[in-house]
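Open the model in your viewer and keep the selection tool ready. We will go stop by stop.

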Amino acid sequence: MASIHTERETLAYGGASAGLSSRWAVARSTLALAFRSIIVFVTVFFLATLLTFALQGLSGLSPAHLQLSESATPEAIAALEHEWGLDLPLWQQYLNWFGGIVQGDLGRSWYNGADISLLLTSRAAISLSIAGLALLIGVTLGAVLGITAAKFQTTWIDRAITTFTTFVSVLPPFVVGIGLVAIFAVWFNWFPSAGYVPLDRGGLGPWLSHIWLPSLALSMEAVADIARQLRVGLIQASRENYVTGALVRGLSSERIFWGHVLRNGSGPALTMLGMKFPNLIGGAVVTEAVFGLAGYGRFAADSASRGDVPAVQGVLVLAIVLVVAFNLLVNLLLVRLSPASARGI
Amino acid sequence: MTAEIIDRLQITAAIEREGEPVLRLDGVNIRNQITGKDVVRGISFTLKKGKVVGIVGESGSGKTLTCRAVLGILPELFSVSGGTIDLLGHDVLSLEPKQWTQLRGTSITAVFQDPGSYLNPSMKVGAQIAEVIRTKRGVTRQEAKQRTLELLADVRLRDPELVYGQYPFELSGGMLQRVLIAAAISLDPKILIADEVTTALDVTVQAEVLDLLADLKERHGLSLIVVSHDLAVVAQICDEVLVLRDGEVVERGATAEVLRRPKHGYTRLLIGEHHLYGLERFLDAKPTTPKPRLVDSRPILIRAEGVCVSYDSSTSRRQALKDATFVLRQGESIGVIGETGSGKSTLARALIGLVTPSAGQISIAGEDITGFSAARWRDFRKRGIIQYVFQDPLRSLDPEVTIADTLAEPLLLQGMLSKSEIRDRIYFRLDQVRLQRNLLNRFPGELSGGQRQRIAVARALVTEPKVLILDEPVSALDSANRVQILEILNSLRANGTSLMFISHDLGSVAGVTERVMVLYRGSIVETAATDDVVNRPGHLYTRLLVGSAPTVTSIGSIDRRSRQALREQLEAAS
């Protein structure tokens with residue numbers, strides 16, 4: 001960032017302005033970063049919704065296909081399209097639709113006229129429960145495995161973990177899902193093999209027992225990726241000069257690892273997590289099919305095959321918001337982890 | 001007992017302790033586990049309390065490995081295969097990790113080259129020092145911070161509060177080295193190892209760091225091991241010197257004795273370089289009177305008038321070069337001296353069109369280059385009138401292209417010579433830089449640093465330039481290669497090529513230039529005959545620069561206190 005940069009230069013020059021507070025510069029840079037992030041969020045959101053909206057025009061579909069029979073008169077079609085506001089100029093249609101989105105209104109389904117926001121909320125709750133729990137498992141288990149492998153670098157523990165992560169990462173989630181069902185649901189009969197109980201209806205226990213297996217199946221890829229990235233990141237960070245520096249200043253290796261190496265070495269894993277998040281949402285769709293859950297993926301597939309454009313658009317808008325928001329969060333975390341990186345952007 | 005007697009007893013005890021050995025190496029061998037060879041053989045020395053032992057040697061001589069063995073941080077593939085190391089009564093070779101953690105920082109510690117990399121990049125520097133104090137001394141956060149601020153002031157950082165809250169990337173090289181020294185002395189260690197701490201720093205900053213170490217030694221009773229490839233650095237501060245070569249001590253003794261009567265050929269080479277090409281050449285000579293200025297009738301090759309260059313960013317504008325006016329005549333050799341950021345590289349870049357001046361005029365060989373379009377520049381460069389040699393030869397040579405092709409490229413581009421003429425030209429230049437013809441089929445990666453730099457010079461020469469600009473051409477080289485490059489430059493001078501030699505080190509420039517231009521914060525503050533600059537420096541900065549240059553003879557080099565006074569004056573003036 002320009003402000004920090006110039007100040008650094010004056011410092012290097014030993015100039016008279018070296019008394020400028022660097023704390024102020026850091027605060028300014030954080031603010032500027034937040035501002036830029038919001039700009040990015042808004043731009044991406046705007047462009048993505050524009051593309052999503054264009055689906056309607058590109059598909060050439062209209063509610064008339066769904067609601068009227070083959071023998072529909074042109075007048076009847078025109079009347080229906082007027083009722084849905086499809087005779088308005090395109091930009092106005094987009095503005096109406098966008099205005100609705102901003103207020104959380106995704107429009108109504110062409111298929112049955114139901115409120116899409118409402119339909120989607122109950123479906124998304126299932127998918128997001130699974131994706132969220134999968135994320136949690138992925139981060140926790142991935143971190144534990146990655147840290148353990150790095151700490152016991154080149155020993156049999158490291159090799160065992162590496163073998164496990166390599167094995168797991170080549171298995172597609174649906175195969176893992178079927179395997180888990182076969183073992184835990186059919187064989188041991190510990191968990192239900194299909195279905196879903198909302199949190200507010202059955203409480204924590206039944207909710208967890210229903211989403212546990214799909215989440216586990218979905219999380220395996222994230223576990224493997226995070227473990228491997230973290231291992232490499234930590235090993236690289238532990239070879240940096242500052243580790244030697246801290247050592248000769250009298251800090252113990254343990255303290256250096258947990259206090260310095262872990263923080264600096266987790267950047268790559270975090271970056272990767274940001275890139276993996278869309279996979280997690282996409283993977284939830286496949287997992288839902290294996291576990292017979294009526295989640296957001298099923299909703300998207302059904303709506304698409306029916307030609308229910310507003311419903312598909314609703315699904316996409318939700319996905320856009322989730323992915324962009326998550327990446328924003330990851331980026332902010334990355335900047336927290338490495339203050340020097342705030343300079344470049 | 002009265003207080004006076006107690007005082008006297010303590011003083012006596014202190015005198016007795018003075019000279020007591022704190023570290024003793026006896027026949028230490030260090031083995032490379034993979035090759036099974038001993039890379040360090042039979043090193044013995046004793047470090048006494050309050051004394052300074054210097055270890056000199058080129059890279060690969062084993063000096064850093066020896067230090068790492070003493071600190072218990074040898075790289076994984078290396079181990080001590082013989083001898084003993086006694087650190088304050090502890091047998092270093094049988095210490096457990098826990099004991100090491102206790103000893104490091106409190107008894108022995110180290111600072112290294114490239115100080116920025118030895119600090120955690122994502123933590124404020126103050127917090128890093130405070131962390132050590134807190135964990136080892138068990139004091140509160142507030143006390144640790146207080147002590148850290150004292151330490152930062154102790155290493156003469158101007159604004160401790162400000163530096164405390166800064167990240168490493170916000171500090172300059174000299175400041176980082178001082179922060180690192182502050183961190184090193186935070187637990188009052190007995191021994192401090194300084195491994196190439198001044199390498200890659202500006203000469204004036206080098207002297208500041210060395211002065212600081214000498215000062216800390218006196219005030220805290222530290223014992224120092226100073227490691228460097230530069231004999232002159234060691235000569236400034238050490239009581240005793242060990243010269244290492246290929247893992248063995250080839251010469252040792254009191255510093256003054258070694259400098260005055262070197263026995264080993266390698267030591268003589270190190271000292272000889274200074275007498276041939278360092279400031280000693282001027283300082284050793286009898287005091288001279290200023291020569292009357294003769295009218296120089298040689299034709300002018302480069303004329304720069306009122307050249308200004310500024311770098312703009314979105315929020316600020318920095319003048320890197322202010323109103324530079326000078327001439328370079330045919331066959332003349334001029335030195336451009338200044339610290340990092342003084343504008344010396346900017347000046348050179350303006351001459352070859354890499355930056356565009358915001359004001360002023362430059363003409364080269366009669367052509368006004370200031371208004372050149374990109375196409376005109378291309379044509380002009382193709383003619384090869386002016387050539388540039390960069391500091392880092394590895395990065396300025398294409399690693400995927402053979403030496404032969406690298407040398408032939410500018411000539412093929414000109415398209416005026418036949419193949420056999422090109423070959424003759426290349427052979428001629430190769431001989432001139434004293435390289436064998438069998439190197440032509442190699443790639444840059446297969447050459448040593450010195451060879452690569454000579455290839456870079458040869459490449460600049462194939463187009464038979466009138467002017468050669470050399471940007472820090474010897475800064476990354478060791479003694480022997482440095483001498484070789486400087487000799488080559490002197491032979492070019494004799495053949496009538498004009499040279500512009502840019503460096504932060506007056507010493508390396510003095511031997512091959514007749515005039516020196518001193519740049520300070522973007523302005524040319526002094527231009528004079530090299531002899532005059534060394535013996536009668538005018539500007540405050542030039543005086544500090546001459547007084548900071550490492551020399552193997554103490555004559556002429558001013559003392560620590562005068563240097564400090566100069567620094568303060570300079571600071572007050574700006």
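How far apart do the C-alpha centres of domain 1 and domain 2 of chain B lie? They lie 40 Å apart. Domain 1 is 116–188 and domain 2 is 301–537; such bounds come from an automatic or database domain assignment.

Before you select anything else, note that this is a predicted model, in which local features need pLDDT of at least 70, side-chain atom pairs count only at pLDDT 80 or more, and totals for chains, interfaces and linings use all residues. Residues are numbered from 1 along each chain as its sequence is written, while chains are lettered from A and ligands numbered from 1 in the order in which they are written.

**Stop 1: chain A**

Select chain A. It has 16 helices and zero strands. Helices (H or I, at least four residues) and strands (E, at least two) are DSSP runs, numbered from the N terminus. Of the 345 residues in chain A, 32% are buried. Buried means 20 or more other C-beta atoms within 10 Å of the residue's own; exposed means 12 or fewer, and partly exposed is in between, with C-beta atoms placed from the backbone. Now look at contacts in chain A with a separation of 6 or more: residues 24 or more positions apart account for 72% of them. Two residues are in contact if their C-beta atoms, placed from the backbone, lie within 7 Å.

Next, colour the segments that UniProt lists as "transmembrane region" in an unreviewed entry: 33–55, 124–149, 161–187, 207–227, 280–299 and 311–335 of chain A. UniProt positions are given in the numbering used here, feature names are shortened, and annotations may be inferred rather than shown by experiment. Zoom to residues 33–55 of chain A. This span is 100% helix and 0% strand, and its end C-alpha atoms lie 33 Å apart. Then take residues 161–187 of chain A: 89% helix, 0% strand, with 27 Å between the end C-alpha atoms.

**Stop 2: the nonpolar cores**

Select B:V179, B:A194, B:I225 and B:M500. Within the largest nonpolar core, of 203 residues, these four touch the most other members. A nonpolar core is a set of buried Ala, Val, Leu, Ile, Met, Phe, Trp, Tyr and Cys residues joined through C-beta atoms within 7 Å. Domain 1 (116–188) and domain 2 (301–537) of chain B both give residues to the core, so it lies between them.

Centre on B:A194. Leaving aside neighbours within four places in sequence, its contacts are B:V111, B:L213, B:L224, B:I225, B:V226 and B:V227.

**Stop 3**

For the record's view of chain B, "domain: ABC transporter" in an unreviewed UniProt entry covers residues 23–271 and 302–546. Residues 23–271 of chain B are 39% helix and 27% strand, with end C-alpha atoms 28 Å apart.

Now show the strands in the order β16-β17-β18-β13-β19-β20 of chain B. These six form an open sheet with mixed pairing. Two strands pair if DSSP finds at least two bridges between them. β16 (386–389) and β20 (523–529) of chain B stand at the edges, each with a single partner strand, so one side of each has no neighbour in the sheet. Neighbouring strands here are turned by 15° against each other on average, direction ignored. Axes are lines fitted to C-alpha atoms, for helices over the stretch in contact, and angles run from 0 to 180 degrees between N-to-C directions.

Pick out β13 (residues 333–337) and β18 (residues 498–503) of chain B. They pair in the parallel sense over five bridges. B:G335 has B:F501 as its bridge partner in β18(B).

**Stop 4**

Select β11 (residues 300–312) and β14 (residues 359–364) of chain B. They run antiparallel, joined by five bridges. B:R303 has B:S363 as its bridge partner in β14(B). On to β15 (residues 367–368) of chain B, which runs antiparallel to β14(B) with two bridges. In β15(B), B:D368 is the bridge partner of B:S363.

Two residues lie between the strands of the β14(B) and β15(B) hairpin, where B:A365 takes a positive phi near 50°. B:A365 counts as partly exposed because it has 16 C-beta neighbours inside 10 Å.

Last, go to B:E472, in the loop between β17 (467–471) and α19 (479–494) of chain B. B:E472 is not a glycine, yet its phi is positive, about 45°. With 19 other C-beta atoms within 10 Å, B:E472 is partly exposed.
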